[in-house]
Structures are given as C-alpha cells and as structure tokens.
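I opened the model to look at how two chains meet, then at one chain and one residue. My notes follow.

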Amino acid sequence: MNALFFNMTLAIYFAATIAYLAYLVKPREVLGKVSCCILSAGFVAHCAYTVDRYLEAGHTPITNLHESLSFFSLAIVGIYILFERKYRIFILGSFVTPVAFLLMAASTGFPSAIMPLNPALKSKWLMVHTVMAFLSYAAFAVAFGAAIMYLIQQHFLKSKKLGPMYQKLPSLDILDEINYRCLTIGFPLLTFAIISGAIWAESAWGTYWSWDPKETWSLITWFVYAALLHGRLTTGWRGKKAAILAIVGFFVLLFTFLGVNLFLSGLHSYK
Amino acid sequence: MTTSNRGFLETLWDFFCSLKLAISLLILLAATSIIGTIIPQGTPPPEYLQTISAGKYKFYQALGFFDMYHSWWFILLLYLFTVNIVACSIKRLPRVWKAISEPTLVMDDKFEKTLSLTHDFRMDGDAAALRDKMVAFLKGAFAEPVVTERDGEFHLFAQKSPYSRLGVYVVHLSIIVIFIGALIGSFFGYKAYVEIAEGTSTSVVHNRADMKPIDLGFTVRCDKFTVSFYDTGAPKEFKSLLTVIDGGKVVFDKRPVIVNDPLTYKGITFYQASYRPAEDAGLYHFTVRERKGGAPVKISIQQGERKLLSDGSTMQVLESSQEVSKFIPQFQGPAARIEVTPKGGGAPQVFIVFQNYPEFDAQRGGDLIFSYDGSEEKMFTGLQVAKDPGVWVVWAGCFLMVAGCCMAFFMSHRRVWIRVRKGEVTLGGSANKNQPGFQLAFDALVDKLKQQ
C-alpha cells in the first residue's frame, strides 16, 4: 500500500514536470491549469503516502534520508501550490516542480524500509522540529526558483533580447516580491525549527547547544538569510543582489540538509 | 571634549549603528562558523593530527581552531554583534515608537500623495452626516477610528496591530537575552560526566572541561541499568533506575531515566548518555550436586573469587560467554569455563559447563556434578550531568524570539484614513509590510463602501 502511494506520487510528479515544461515552451492558460491539476493530484497522493507511512511506522516519517527527501518534496509542492493560488504564475511551476520530482526520485536511492526509532528520536519534538525545518527549507526552495527566474529575466532585459521567453516570465517586481515573501515565511520557520531543536537537545543530550555540525550549519543558514533580510532594508540589495544571495542561501541550506549528513559526522547523522 | 574627540565618538556610534556592520557581522559569523564543522573540536583525534603538518597544527592551535566557538576572536565577534544590535535598536526605536504613539491622524492632500492606496467617492449628504456614517463603517469593517476636525473637514484614522512594528526589536532583545542566559550557564554551570555501576552510588561527578571532581552534595545510586533491542539489533531503549538520597532521605526512589527523559534534582540534571558492561563485576550462578546423592546446592560466585565446595575442593570461574557456539559450534547458549582444585591441592581440573545442557557434566565422571545457571552481567550506566542556571533565561529568550518573529513576519501595522468633505469621501491606506496582502483588504474595503 505504502509503495503504491509512493510510486503513484512519483509517476504523477513526473507527469506534472512534463506538463510544466510543456507550459514553458507553449504558455497557454489551459496547459497551465492542467499542469496545476496534475500537480495537485500528485500532492494528494503524496499526502496519502506520508499519512499512511505515519500510521504504519507509528512516528513522524522524517527519520532517515529516504523519508526526509520525500517530505522535503512534499513541503515544496505544498508551498508552491499556495503561491500559485495567490500569484497565478504557472511558469514558477516549471522551475519548482522538476526540483520536487528530482527530490522524490533521489529518495528512491536510499533504503525505504521503516526502521524503529532510536532512543534519541523518541520525543514529541520529532514532529514539530522536522516539520518546521522542512517547511522552511521548502519556502527557501521556492525563493530559489524565483531568484533563478529573476536572473534569467534580468539577463533578457539587459541584453535587450525581448523574445518569447521574456514575455513568458513574470515581471522583475513580481519575482522579487515572491522571493521576499518566501523569505518572510522561511526565516521565522527556520527560527522555530532551531529553537525547537534546542529544547529537544536539552532533554536528550543535556545541552541546548553543542555546536554539533548540523546545529552549526543551520545557524550558518540562519545568519545568511538574516543578512539577506537586513540587506533588503537598504535599496541597493533588492533585485539582483537579493536574488544572488537567495541562491547562495539555498546552497548553504542544501549543505545543511544533505552535506552535513553525508560528509560530516555528528549527533545528527541519521542516514 | 574637543571637536575631534566628539567627531571620533560620533563616528564610532555611527559605525556601531550601521546596517552595513550588521550585515558584515552576520556574514563573518556564518563564514567563520564553518571552520569548526570541518576541523574536529575539543581534543582532535591523533589520526587527524597525523594528517596535518606541524606548522599547520601550530597555526590552528594559535588561532584556537580546536575550540573555535570559544576562541577569543569568535567571542569578540559575538560581542561586536551584541553591541551592534543594541546600538541599532537604540537608534531606530524612538522613531518607531513615535509612529506607534503619535500616528498621523490627518490625511491632507500632501500626505495623500505619499500613499499608494487611495480611493475617492462622491457621496450625498453634508459633512457631519457623512462623518457619522463613515465612523460606523470603519468601526464595523476595520477598526474604531479617531476623528479630527480641521478647516470644516473631518479626518478619520483607524489602525490595526500597531505594536507589530516592535517585532523586530523584540527579536533583537531576545538574542541578547539568550546570550545572557548562555553567559550565566558558562559562569555558574557545568557539564560533567559520571559512570555508576549497578548497585553502587556516588556523590562526585567529573567536569567534562577539566576533569576536576565536583561534589554533588547528595548521593545518586544506580539500582539497575537495562538496554533493550529491536529485532533488527538496533537499540530500542537505555534505562537507568536512579535513586537520589539527600541527607539520608530518599528523594527519588528507583526513578527510571531514559534518553529524552532526564532526572533533575536541585538544579542538577542527569541524562542517560552511555553504558558499558562492567569488566570483572559479573556474578555467576551454578548448581552443584554430589554424584553419590544428596540435595543440589546453589552457588553464586564472582569473577576472580575462589569458593569452597562441600567436599573441600575449591572452584573459580576462568571465563564465560553468552554464546558459546562462536567457540564450540556444536553447542549453543551461555557457558562458563571453570577450574576445580581438589582438597589439599593437587592438579586442578578445568572444564566447561553449559546452561542449555545441565546434564552434560555428569559424563565427566567427577565426584561433583556442576551445572551452569547463567550469569548476571553488571553494567555501568554513563550519565551526562549538567547544571545550567541560565537555561531558563535562554528559554525566556527563545519565547521572546518566537513572539517577536510572529509579530515581525506574520503581522503588519495597517492604517486607514478617511477624509470627509461635503459630498466627497476619500479613503487612504497603508501597511508597513505585505503591501499586496493589504491591497486586497483595501480593495475589499472600497467595494464594501461602494455598496453602502
């Protein structure tokens, strides 16, 4: 049952990616709506998979890389659907949906068996901490997509090649605004994730902060996005600079999520 | 004070107030923090030290890279960061406070031009009647307005969540509160470690930083330690039963301490951290009967102990295993190798007895027949012991940070003005954050007014 939901999600996300890429080539309103419907169906299947796994495992299914990648993908799709409803920009999906699909595909590369919880993870904070963290990651991922679109669009404007691609992409102002909105969602969520992690660490390891690589890298991510938020207060940092920093921030975040688990050893190495 | 002195102080103040410093410090803190995640912290393992040259080692040592987060320059960065936060807040807070406490009550033509959201209506009726209508409208649709009369015009002003403007400063304050909590912890607290064998107690723990003993002022006894495993072999639960005795009184009696559920007494908290089997502290159980008959005798013997048996011979345990098939594939289960020395000396006999095969020793043909009833392995529980009087200050700071973030990111100060002239009503609005969101609300307000 669980595997069925998973494969269904993977297949629908693949279809959604194709549809959104088709929309990128031929931006017809109908195609955009169809893409959105496919993605929404995938989201429902993905939710079913996650809930089913929660019930089967008896704990929040974010305890190893397979589950984390899948949940990251789910959170990205969820946040993206919210943004699409608000801004009605289907083309953002052409940049975000492939990421969600690739994350889901990547999760198949890791053992998917439901493992019993190790003693440190047996805590009511598991759900709060991980869900907050991945929702913030997802918001930053959407900011990353918007930032890339910003740079592409700006490139067209600068080179004065106002071709068909230019007309498909939303205006710089809107992209900058989406970027900023994502930050104002992702940053507080990241803050809450770090704080809930500190409370959990205090009860599990006897200290709310131990400069464990995961802790440190999430703080580094927090510093980078805090710098970006403060930079935006000065006019010079909006637009291009903000887009570049949002991209840098996302790479730092990817390292916090994956790099720390794969390359550095510490208390958080759940593989 | 000379002018150049004044100039210097002002420059210094401006330096600490600047947004540029804040951004630079955030990026510096982010960049330098990476070092400690790459170079092992604390005492680096010898294998690591072999991979770096002597010169590099000296360099790292001099810059405090092996305890980077407590090095003078990292602490200095954190202090600069704190001063920066305080200075920025002191500089900007009065202006923000003024925006909250002395709002612009009147929307004149000049002010109207600064607003991005405005709407004009033609309405019948004299100014006073329109004013009453608008007051009722704002009260119902937005918030209770303040009315100001000027030059025969009426100005209505209403606002929502003005205090959300303080959110940023609440977050700034929370960072300082957390720092204070961390400082209190580092000056008045400690992180220590203790290993207690089952059945024994201690009142002294060892500081992790300098290994110096710390007297707890009470006694902690480990009554039992158990570890359970899943079918996969992965650990499921580590549990110590701890008894705390203070001044001869039992304060906690066999309180279970597991990971994620520590025990706290007098501000000192005990966390389940590790365990290990005690090497020589095991207790072995045997049943011995004489071949010529008689009741079997149960014997318990510790490792290294020599015990006198009923016929005057002595026995001791040489070694044991929980799973003997590793050594003797034909047999399974626990086994012990014992040595029996006859009365008055003589050549000792060494043989193995198996728990799963109680009649096996009868085949040996000795006067005494031994059977093995298993062993109780004694365990050491490893407890992390922490005293941190600053932790509640840190939690208070965290609470402030969550509250401040909610104010700063999820709320905005929304303001609506209405100017009433004879036959004309002008609506203006502004929000300090999330303009697009406010625009929707403003448009809804305009639509509602149109229907009236």
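This is a predicted model: local features need pLDDT of at least 70, side-chain atom pairs count only at pLDDT 80 or more; totals for chains, interfaces and linings use all residues.

**Interface of chains B and A**

I began with polar contacts: nine residue pairs make them across the interface of chain B and chain A, both residues at pLDDT 80 or more. A polar contact here is a pair of N or O atoms within 3.5 Å; within protein, one must be able to donate a hydrogen and the other to accept it, and residues adjacent in sequence count only if both atoms are side-chain atoms.

Residues are numbered from 1 along each chain as its sequence is written, chains are lettered from A and ligands numbered from 1 in the order written, and side-chain values use heavy atoms, without hydrogens or water.

I looked for salt bridges next (a side-chain nitrogen of Lys or Arg within 4 Å of a carboxyl oxygen of Asp or Glu). The rule finds zero between chain B and chain A.

Which elements of chain B touch chain A? I found that H2 (19-38), H8 (167-188), E7 (235-246), E18 (379-387) and H9 (391-410) each supply at least two residues. Helices (H or I, at least four residues) and strands (E, at least two) are DSSP runs, numbered from the N terminus. H9(B) gives the most, with ten residues. By class, I read 29 nonpolar, eight polar and five charged residues on this side of chain B. Nonpolar means Ala, Val, Leu, Ile, Met, Phe, Trp, Tyr, Cys and Pro; charged means Asp, Glu, Lys and Arg; the others, Gly among them, are polar.

I then took the count: 42 residues from chain B and 44 from chain A are in the contact, meaning heavy atoms within 4.5 Å.

**Chain A**

I read nine helices and zero strands in chain A. Buried residues (under 20% relative accessible area, 1.4 Å probe, protein chains only; exposed is over 50%, partly exposed in between) make up 60% of its 271 residues. The C-alpha trace of chain A spans about 60 × 45 × 30 Å along its principal axes.

**Glu153(B)**

I placed Glu153(B) in strand E3 (residues 153-160) of chain B. Is Glu153(B) buried or exposed? It counts as buried, because its relative accessibility is 19%. Its side chain makes a polar contact with the side chain of His155(B) at 3.5 Å. Beyond neighbours within four places in sequence, Glu153(B) is in contact with Thr148(B), Arg419(B), Val420(B) and Arg421(B).
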